[in-house]
Amino acid sequence: MSGSGGTKTDGRVERGNQTRRLVLGRTMDIASVEGLDGLSLGRIATELKLSKSGVFALFGSKEELQLATVRAAVAVFADQVVAPLGDLPPGPGRVWALCRNWLTYSAGRVFAGGCFFYAVSAEFDARSGPVHDAIARTRADWAAYMEQELAAARDAGGLVEDVDVPQLAFEIIALMEAANAQSVLLGDAEIYRRAGRGIVRRLRAEAADGARDEIDGAGFTPPPSK
């Protein structure tokens, strides 16, 4: 009897997890285009042909749905941008690979509206509350991670010793986000080539002698449109 009950419980848990993944897959795309305020339990239930009570049981409130969507987007971002770095050694080549992964993530429209975090940051930047705080943490974590990779490249001898790490991180992220914004607004994927060239120039300018060849001078080629 206990084994049968455990099987039933496991089945319900797995169905709940599947529904949660289905819901969050949809909410991430909606939020990247319309913003997190475009989410509601009723809308998601209707679009995915789920019971509203079932969706409510999983998330409980619109705010929790928004927070869960942000957390899910962080996981997708990490999988698409950070994980492919694998065991690449510290250096300007690894930093350029990270940037190239980000440009591919944005240009390839992993999220329908381009970079999820750029979209929702503009929506919540002047607000307060848990959703604002969650988005702000993700943005701060990303900037800190970029600085960490640049500092590791410097410490490994790949960048000049006096490189201003926070400034360089700011400039690289600004170039990537400018490409995302213009591409989404104007429908022009070629802007990513410009961003790639700009990032390559900045990294090469700060690279130590003998380390510039780690950076692919060809820049970045946008993936084919979906």
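1. Start with a pair of helices: α7, covering residues 130-155, packs against α8, covering residues 165-186, at an angle of about 125°, and their axes are 9 Å apart. Keep in mind that this is a predicted model.

2. Who makes the contact? On the α7 side, look for Arg139, Trp142, Ala143, Met146, Glu147, Leu150, Ala151 and Arg154. From α8 come Val165, Pro166, Leu168, Ala169, Ile172, Ile173, Met176 and Glu177. Sorted by type, the residues where α7 meets α8 give twelve nonpolar and four charged, with no polar ones.

3. Now for the backbone. Most residues other than glycine have a negative phi. Lys49 is not a glycine, yet its phi is positive, at about 55°. You'll find Lys49 in the loop between α2 (41-47) and α3 (52-59). Is Lys49 buried or exposed? Its relative accessibility is 75%, so Lys49 counts as exposed.

4. Arg109 is another one to check: its phi is positive too, near 55°, and this residue is something other than glycine. Arg109 sits in the loop between α5 (92-107) and α6 (116-124). With a relative accessible area of 22%, Arg109 is partly exposed, because that class starts where buried, under 20%, ends.

Terms used. Residues are numbered from 1 along each chain as its sequence is written. This is a predicted model: local features need pLDDT of at least 70, side-chain atom pairs count only at pLDDT 80 or more; totals for chains, interfaces and linings use all residues. Side-chain values use heavy atoms; hydrogens and water are left out. Axes are lines fitted to C-alpha atoms, for helices over the stretch in contact, and angles run from 0 to 180 degrees between N-to-C directions. Helices (H or I, at least four residues) and strands (E, at least two) are DSSP runs, numbered from the N terminus. Contact means heavy atoms within 4.5 Å. Ala, Val, Leu, Ile, Met, Phe, Trp, Tyr, Cys and Pro count as nonpolar, Asp, Glu, Lys and Arg as charged, and the others, Gly among them, as polar. Buried means under 20% relative accessible area, exposed over 50%, partly exposed in between (1.4 Å probe, protein chains only).
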